[in-house]
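Please look over the sequence and the model below before reading on.

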Amino acid sequence: MRIEKFKMERPGLVSIGQQVEITEIETANYSYIIEPAVAMSGVFKPNNRIKSKTGIIKEIQETPRGYYVLAEFDE
């Protein structure tokens with residue numbers, strides 16, 4: 001199992017336990033979007049890419065900087 005953090009701009013877009021799909025964006029490195037454009041990951045080096053295309057929302061955190069979603073991937 002692998003858990004990754006995604007930045008979400010406003011609450012209520014996903015819920016804990018929900019299965020989500022991600023889209024990979026390739027530049028020199030990789031980043032991911034929880035569809036439909038709900039949240040975005042940080043940047044990953046090519047050797048640390050997320051191989052799964054679906055994940056499960058495990059936690060939603062509210063911070064002064066916004067909302068963060070922790071998603072678990074089966075890898």
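How many residues does the largest nonpolar core have, and which of them have the most contacts inside it? In this predicted model, that core has 17 residues, and Phe 6 and Ile 34 are those with the most contacts inside it. At least two residues of the core come from each of strand 1 (2-8), strand 2 (19-26), strand 3 (30-34) and strand 6 (66-73), and strand 6 gives the most, with 4 residues. As background, nonpolar side chains in soluble globular proteins tend to be buried together. If residues up to four places away in sequence are set aside, Ile 34 touches Phe 6, Val 20, Glu 21, Ile 22, Ala 39, Ile 57 and Val 69.

The pairing of the strands can be followed next. Strand 5 (54-63) is joined to strand 6 by 7 bridges, the two strands running antiparallel, and a hairpin of 2 residues leads from strand 5 to strand 6. One of the bridge pairs here is Thr 63 with Gly 66 in strand 6. Strand 5 is also joined to strand 2, again in an antiparallel arrangement, through 3 bridges, and Glu 21, listed above among the residues that Ile 34 touches, has Thr 54 as its bridge partner in strand 5.

Is Ser 52 buried or exposed? Ser 52, which lies in the loop between strand 4 (39-41) and strand 5, counts as buried because its relative accessibility is 13%, and buried means under 20%. A polar atom of the Ser 52 side chain lies 3.2 Å from the backbone oxygen of Asp 74, and, leaving out residues up to four places away in sequence, Ser 52 touches Ile 22, Phe 73, Asp 74 and Glu 75.

Gln 18 is placed in the loop between strand 1 and strand 2, and with a relative accessibility of 31% Gln 18 counts as partly exposed. A polar atom of the Gln 18 side chain lies 3.0 Å from the backbone nitrogen of Ser 15, while the contacts of Gln 18, not counting residues up to four places away in sequence, are with Leu 13, Gly 55, Ile 56 and Ile 57. Along the chain, Gln 18 and Phe 44 are 26 residues apart, and their C-alpha atoms are separated by 24 Å.

The charged side chains complete this tour. How many salt bridges does a search of the whole structure find? The search finds 5 salt bridges, and Arg 2, Glu 4 and Glu 75 are linked in a network of them. Because Glu 75 lies in the segment after strand 6 and Arg 2 in strand 1, the second pair ties together parts that are 73 residues apart in sequence. Arg 2 is buried, with a relative accessible area of 12%, and Glu 4 is buried too, whereas Glu 75, at 35%, is partly exposed.

A further salt bridge is formed by Glu 72 and Lys 58, whose closest N and O atoms are 3.5 Å apart. Since Glu 72 lies in strand 6 and Lys 58 in strand 5, this pair ties together parts that are 14 residues apart in sequence, and Lys 58 counts as partly exposed at 42% relative accessibility.

Conventions. Residues numbered from 1 in each chain as written. Predicted model: local features only at pLDDT ≥ 70, side-chain atom pairs only at ≥ 80, totals over all residues. Heavy atoms only, no water. Core = buried A, V, L, I, M, F, W, Y, C linked by side-chain atoms within 4.5 Å. Buried < 20%, exposed > 50% of the residue type's maximum accessible area, 1.4 Å probe, protein only. Contact = heavy atoms within 4.5 Å. Polar contact = N/O pair within 3.5 Å; in protein donor to acceptor, adjacent residues only side chain to side chain. Pairing = 2+ DSSP bridges. Salt bridge = Lys/Arg side-chain N within 4 Å of Asp/Glu carboxyl O.
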